[in-house]
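Please look through the sequence and the 3D structure shown here. The report that follows takes up loops, strands, helix packing and a ligand site.

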Amino acid sequence: MGLCRCVCGVCACLLAVPLLLICSVCIPEVELAYIRFVETYAISIPPLRLILLILGQVPRVWEHGPLGVGPVWNPRIVYAVNGYETGILPFPNPANFTRGYMLARVSHEQVRAVHHNPHLKRDAKRFIGVETAKVPKGYFSEGVLPTLLQMNTDDPLRYAHRDLLSAAMPSIAEYVDSVPEFKPLPDISPKDLVQDISWHLKIPFPKTVSTMVQNLFAFTFYRHAFGVELSNDELPLLREWLGIPGKLFLGMVSEAGAKHCRELAKVFEDKVAASEFGQRFMQEAERRGMNGIERLRKTVFEFSFAGFGGDGPGGALATMKMLRFIQKSPAKYVPLFQRDPEAFVLEVIRMQGGGGAGVNPWILEATQTFTLGTGNEVTEFAGNYGATIALHANHDPAVFGGPSADQQYAMSFIPGRENADRLLSFVGELREIRKCPNMTGCDAAPRFCLGTFMLQRIMKQIGLYYIQGLEETHHPIREEM
Ligand SMILES: *[C@@H]1O[C@H](CO)[C@@H](O)[C@H](O)[C@H]1NC(C)=O
Ligand SMILES: *[C@@H]1O[C@H](CO)[C@@H](O)[C@H](O)[C@H]1NC(C)=O
């Protein structure tokens, strides 16, 4: 009896310690102290530091879904260690995961300097964290590599491909002749969507982006981008295809997997190639001396991966975050959305992100030593990797903190705020992107996201559909008089 009670007591303690740890980081002061502690004492063991940082982010799962544990969504990580002054934060290095770091830029000034560098170098051999030569043929269709993500900013090929997109894909521009009317999926009513998001707020597992939101986004996205409608048979295949980069990242590769991936990609390549858009696109590519079908495959991959993203970073995640955000307090947020949908969408993207963490990795031009907020010194070497975290830059009080550069103000949701168009989620500042004559890019914004404007249009459409669902359900959402 006594022994049993003692053993149970030990069990309870073993369970209680991590629970206590996880719960206590919900208290803001404890959270900041915890981050400072980890950054000070675990910094010399990169994997341990990462695990401890992730543990401290577990409560964020209810804010951002399972991906919320990544140290890229919570600006308090930067704030805790004076990162807005030092401008940098160590980040896992895909080339040296166990012993070294790459230094991520996190202040607005530092991130902007990288995103706007006209000669920024990328590693053509690496797609996100994956060394592409080391995976079996088939994971990337012929003509897809290197993607726009991997090419140096001043690479003439990159410019040529972007210019082709800007010529053959008028739907990506800021002002377009016609925007497709929103078309719902027959089996997703506005009420279903509200119910789906309400559930996800309570139980944000196992997906970060629910199947319903992935389907609705993918369907809308393919209509806007390529003018084609995906069927109910194709949507699950698209979700499956977009799950594969995550597997590659975790090293789960095989010959059979490569073959299957090739088959999945082919469904969408063929579908777009057969469309009116695809025909025009390939003609324009050939006219420019390029291989039409290869350019088309590349575009389908890039847009599906970076624009939609499946249950990972991408436009669907940004949309999911917006819907969850609205659902947290419809009475407060629906009137704000209705007053100015564009400003609302932009502010949600600033604060919640959705696409990739930033531009990473890129190649350092110079060797530099930095002193972190904790007093530790770190050196980065020319030729090695660096990273950026856009969401952190989007909370920099120097730009978003109002007249007194206040952190709390930078962390508040204020649609239409001053400098709203200086967010770095679209790589280039929106303010600068608008200076370019077209989507190819220009000196003011040499390397920006091709989906900048299309994504905002799609989020607005899905947001309005969602609000229709809220209005149909019981909630009175208008502000009380
Ligand atoms: C990994 O990082 C450590 C610490 O910065 C460094 O000493 C080592 O040379 C790096 N290894 C490689 C392969 O870059
Ligand atoms: C985009 O603008 C640049 C600079 O004016 C121009 O050289 C290029 O031809 C334009 N591209 C398209 C597709 O209009």
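## Cis peptide bonds and a positive phi

P206 lies in the loop that links α9 with α10 (211-226). Helices here are DSSP runs of H or I with at least four residues, strands are runs of E with at least two, and both are numbered from the N terminus. The bond from F205 to P206 is a cis peptide, and its omega is near -15°.

This is a predicted model: local features need pLDDT of at least 70, side-chain atom pairs count only at pLDDT 80 or more, and totals for chains, interfaces and linings use all residues. Residues are numbered from 1 along each chain as its sequence is written, while chains are lettered from A and ligands numbered from 1 in the order in which they are written.

N360 and P361 are also joined by a cis peptide bond, with omega about -5°. P361 sits in the loop between α17 (341-352) and β5. I128 is not a glycine, yet its phi is positive, about 55°. I128 belongs to the loop between β3 (126-127) and β4 (130-131).

## The four-stranded sheet

Four strands make an open sheet in the order β1-β2-β8-β5, and the pairing is mixed. Two strands pair if DSSP finds at least two bridges between them. Which strands stand at the edges? They are β1 (88-92) and β5 (362-363). Each has a single partner strand, so one side of each lacks a neighbour in the sheet.

β1 and β2 (residues 101-105) run antiparallel, joined by five bridges. L89 has A104 of β2 as its bridge partner. In a regular strand, side chains alternate between the two faces of the sheet.

## The β6-β7 hairpin

β6 (residues 368-371) and β7 (residues 377-380) are antiparallel, with four bridges between them. F370 stands opposite V378 of β7. The two strands form a hairpin, and five residues separate them. In the turn, G375 has a positive phi of about 95°.

## Helix packing around α15

α9 (residues 190-202) packs on α15 (residues 315-328) at about 85°, with axes 9 Å apart. Axes are lines fitted to C-alpha atoms, for helices over the stretch in contact, and angles run from 0 to 180 degrees between N-to-C directions. The two helices α9 and α15 are therefore roughly perpendicular (65 to 115 degrees). I197, S198, H200 and L201 of α9 meet L323, R324, Q327 and K328 of α15; contact means C-beta atoms, placed from the backbone, within 7 Å. This contact has three nonpolar, three polar and two charged residues. Ala, Val, Leu, Ile, Met, Phe, Trp, Tyr, Cys and Pro count as nonpolar, Asp, Glu, Lys and Arg as charged, and the others, Gly among them, as polar.

α15 also packs with α22 (residues 452-472), at an angle of about 35° and with axes 10 Å apart. From α15, the contact residues are G315, A318, T319, M322, L323 and I326. From α22, they are L455, I458, M459, I462, G463 and Y466. By class, the contact of α15 with α22 has nine nonpolar, three polar and no charged residues.

## Around ligand 2

Which residues surround ligand 2? They are D163, S166, A167, P437, N438 and T440, each with its C-beta atom, placed from the backbone, within 6 Å of the molecule. By class, the shell has two nonpolar, three polar and one charged residue.

Conventions: Parallel < 35°, antiparallel > 145°, perpendicular 65-115°, else oblique. Contact = placed C-beta atoms within 7 Å.
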